[in-house]
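Please look over the sequence and the model first.

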2 protein chains.
Amino acid sequence: MKASLKRPDTRSAVFEAAATAFAEHGFDGVSVDDIAQIAQVNKAMIYYHFADKLALYRAVVGDMLDSVGAAVTEIAESSTSPTDKLDRFIDRFVRLAETRPWFPTLMLREISAGAPHLDLETFAKIRIVFGAFAQILAEGQTAGVFRSVQPMLAYTTVIGPLLFNVARERMAAVPGRRNLPMFVDIPHADLIAHVQLAARRMLEPR
Amino acid sequence: MKASLKRPDTRSAVFEAAATAFAEHGFDGVSVDDIAQIAQVNKAMIYYHFADKLALYRAVVGDMLDSVGAAVTEIAESSTSPTDKLDRFIDRFVRLAETRPWFPTLMLREISAGAPHLDLETFAKIRIVFGAFAQILAEGQTAGVFRSVQPMLAYTTVIGPLLFNVARERMAAVPGRRNLPMFVDIPHADLIAHVQLAARRMLEPR
DNA sequence: GTCTATACTTCGATAGAC
DNA sequence: GTCTATCGAAGTATAGAC
């Protein structure tokens with residue numbers, strides 16, 4: 001008995017192929033033909049499951065942001081000290097980036113370009129991530145363990161170094177650059193410890 | 001008497017048009033036709049002055065890096081305290097970004113993409129910028145006013161937030177996003193003061 | 001749901017006249 | 001140095017058979 005010609009997982013095959021390809025080469029750098037080839041799917045099927053290239057892209061970004069938002073919200077609402085929550089926020093961010101390497105890469109590319117492919121719906125998801133951070137910050141300020149800072153400046157100080165390091169690792173991945181002193185290998189444990197320390201000192205009340 | 005048909009400034013017109021356009025839309029997002037139109041120059045003239053699109057791009061990036069490298073090297077070699085040099089490094093970086101808005105934007109885009117358009121010659125210029133920072137750091141460590149840190153981690157902590165904020169400002173520039181809480185206006189003076197404070201605290205020996 | 005074929009557009013680059 | 005015209009490749013999207 002022959003198996004059904006239907007492939008119920010066509011959509012997810014397209015989805016995963018798009019996620020990795022977009023992260024690697026950006027929105028403009030990936031053609032729909034590329035995605036079809038990676039997913040082992042006919043190109044017309046992509047247009048059957050998604051309205052167009054942009055809708056597919058937004059689906060990928062939105063899905064990632066939902067995961068990250070849920071993860072950091074859980075940390076913000078857990079029952080430890082604000083300082084510990086901050087440490088865990090940083091740690092979780094780096095660990096998520098290890099599990100889904102395309103997530104920080106894709107987001108970094110997008111925001112560096114001025115986020116031309118994101119709509120307000122996507123920004124609402126981003127806001128949840130920032131909101132979790134701001135919640136931790138406010139809790140610490142109320143408790144008197146954090147000083148008063150503009151939340152976005154504090155967020156910038158934490159996320160900026162993490163994203164910059166993602167970019168550094170990506171640049172180092174190109175053959176022939178490994179020996180450049182800029183691209184020394186920095187273990188993620190060191191990165192996490194350093195950002196945690198810098199964040200804690202930044203927020204110390206004096 | 002008719003003026004000469006020659007336009008000795010054709011090359012620089014192309015150069016400036018390319019700089020702003022590449023920063024705004026990235027390498028792939030700008031066509032040679034676009035540059036020709038902005039510069040009010042015939043497209044074939046671009047290929048007369050530059051080998052190809054990539055060579056033009058690298059010329060733009062290289063020129064910017066030369067300027068920044070010279071500026072920060074001057075600071076590193078000046079005769080003030082390491083702490084003051086660090087403050088001035090941060091201040092100068094933001095001020096240069098104001099004078100030539102396309103510089104940080106373009107660099108951020110490029111490194112976010114994994115720097116696929118940069119060659120080793122360009123990395124040598126980048127290294128000069130990082131080298132100036134590392135020199136300030138080492139001087140402070142020798143003097144005992146800075147703690148021991150991996151230079152690239154320290155650099156990341158300073159540059160990361162600055163570049164992240166550039167991206168934030170660019171995203172906020174799109175109509176309809178201004179009212180989003182993520183995109184509150186942060187005066188550059190506040191940004192500078194905040195990063196200076198965070199950097200100083202990060203490097204405090206304890 | 002799946003595939004082939006193709007219409008339509010944009011882009012990088014060059015040939016060759018002046 | 002300057003310009004016109006154009007080639008050839010690549011990309012998005014759709015029409016329409018099965």
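This is a predicted model: local features need pLDDT of at least 70, side-chain atom pairs count only at pLDDT 80 or more; totals for chains, interfaces and linings use all residues.

The same surface serves both copies, as 98% of the contact residues of chain B recur in chain A. The axis itself comes from superposing the chains: a rotation of 180° with 0.0 Å of shift along its axis places chain B on chain A, with an RMSD of 0.0 Å. The two copies are therefore related as by a two-fold rotation axis.

Next, consider one helix of chain A and what surrounds it. Helix α9(A) covers residues 188-203, which is 16 residues. At 1.5 Å a residue it should span 22 Å, and its end C-alpha atoms are 22 Å apart, so the two values agree. Which residues of α9(A) are buried? They are Leu191(A), Ile192(A), His194(A), Val195(A), Gln196(A), Ala198(A), Ala199(A), Arg201(A), Met202(A) and Leu203(A). Buried here means under 20% relative accessible area. The cover over these residues includes parts of both chains: α5 (82-99), α7 (120-143) and α8 (151-172) of chain A, and α8 (151-172) and α9 (188-203) of chain B.

A second pair of helices lies within chain A. The axes of α1 (residues 10-29) and α4 (residues 53-76) of chain A come within 10 Å and cross at roughly 100°. Angles of 65 to 115 degrees count as roughly perpendicular, so α1(A) is roughly perpendicular to α4(A). On the side of α1(A), the residues that meet α4(A) are Val14(A), Phe15(A), Ala18(A), Ala19(A), Phe22(A), Phe27(A) and Asp28(A). Their partners in α4(A) are Lys53(A), Leu54(A), Leu56(A), Tyr57(A), Ala59(A), Val60(A) and Asp63(A). Sorted by class, this contact has eleven nonpolar residues, three charged ones and no polar ones.

Most residues other than glycine have a negative phi. Gln40(A) is not a glycine, yet has a positive phi of about 55°. Gln40(A) sits in the loop between α2 (32-38) and α3 (43-49) of chain A. Ala115(B), also not a glycine, has a positive phi of about 55°, and its place is in the loop between α6 (102-112) and α7 (120-143) of chain B. Are these residues buried or exposed? Gln40(A) counts as exposed because its relative accessibility is 63%, whereas Ala115(B) is buried, with a relative accessible area of 0%.

Note on methods. Residues are numbered from 1 along each chain as its sequence is written. Chains are lettered from A and ligands numbered from 1 in the order in which they are written. Side-chain values use heavy atoms; hydrogens and water are left out. Copies are superposed by least squares on the C-alpha atoms of residues with pLDDT of at least 70 in both. Contact means heavy atoms within 4.5 Å. Helices (H or I, at least four residues) and strands (E, at least two) are DSSP runs, numbered from the N terminus. Buried means under 20% relative accessible area, exposed over 50%, partly exposed in between (1.4 Å probe, protein chains only). Axes are lines fitted to C-alpha atoms, for helices over the stretch in contact, and angles run from 0 to 180 degrees between N-to-C directions. Angles under 35 degrees count as roughly parallel, over 145 as roughly antiparallel, 65 to 115 as roughly perpendicular and the rest as oblique. Ala, Val, Leu, Ile, Met, Phe, Trp, Tyr, Cys and Pro count as nonpolar, Asp, Glu, Lys and Arg as charged, and the others, Gly among them, as polar. The expected span of a helix is 1.5 Å times one less than its number of residues.
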